[in-house]
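Take a look at the model below. The report that follows walks through how its chains meet.

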There are 2 protein chains.
Amino acid sequence: MSTKAVFYHAGCPICVDAERQFAESLDSTKFNVEVVHLGDAPGRLTEAEQAGVKSVPAFVIEGQPFHINFGASLEDLK
Amino acid sequence: MSTKAVFYHAGCPICVDAERQFAESLDSTKFNVEVVHLGDAPGRLTEAEQAGVKSVPAFVIEGQPFHINFGASLEDLK
């Protein structure tokens, strides 16, 4: 059974690097990765925030946020 | 051919979470992951610093640092 992992980003260069190195590199037998561009899908901001996401790029895995470096604050995407 | 990824940590709870979710979850056909505990191997601090690591837990992949959340500053490990 694979674990759901959501990768939130906003298209910034730091986000793209993180996506390339992590979102595309997680073991696909273990993870089902969904990539969400918060610029294109602002309706997902609330969900990201509720999961504890403060900035992008970030993963939410099993309800737990993991921020990778710092691209943009969630506040700046609203 | 697999890419070398070094995961630096210091045994903190945040480090352990990141290790469990990322270091153990990268596609092993793509990555050769080395886990370095900087508390146990302080001789690796300089190398981490030179790669741009500011805090742990962090990965260095292809010479590029990726900080995951914030466990401890590298300064505090010296």
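## About the model

This is a predicted model, in which local features need pLDDT of at least 70, side-chain atom pairs count only at pLDDT 80 or more, and totals for chains, interfaces and linings use all residues. Residues are numbered from 1 along each chain as its sequence is written, chains are lettered from A and ligands numbered from 1 in the order in which they are written, and side-chain values use heavy atoms, with hydrogens and water left out.

## Two copies, one axis

Chain A can be laid on chain B with an RMSD of 0.0 Å. The move is a turn of 180° with a shift of 0.0 Å along the axis. The two copies are thus related as by a two-fold rotation axis. The superposition is by least squares on the C-alpha atoms of residues with pLDDT of at least 70 in both copies.

The copies meet through the same surface, because 100% of the interface residues of chain A are also interface residues in chain B.

## The interface

In all, 20 residues of chain A are in contact with 20 residues of chain B. Contact means heavy atoms within 4.5 Å. The area buried between the chains is about 1800 Å². Carbon and sulfur atoms give 50% of that area. Buried area is the accessible area (1.4 Å probe) that two parts lose on being put together, summed over both. In chain A, Q21(A), F22(A) and F66(A) lose the most area to chain B. Together they account for 31% of what that side buries.

The rule finds two salt bridges across this interface. A salt bridge is a side-chain nitrogen of Lys or Arg within 4 Å of a carboxyl oxygen of Asp or Glu. The side chains of E62(A) and R20(B) meet in a salt bridge, at 3.8 Å from N to O.

## One loop residue

Where is D27(B) found? D27(B) sits in the loop between α1 (13-23) and β2 (31-37) of chain B. Helices (H or I, at least four residues) and strands (E, at least two) are DSSP runs, numbered from the N terminus.

D27(B) counts as buried, because its relative accessibility is 14%. Buried means under 20% relative accessible area, exposed over 50%, and partly exposed in between (1.4 Å probe, protein chains only). Not counting residues up to four places away in sequence, D27(B) touches S25(A), L26(A) and D27(A).
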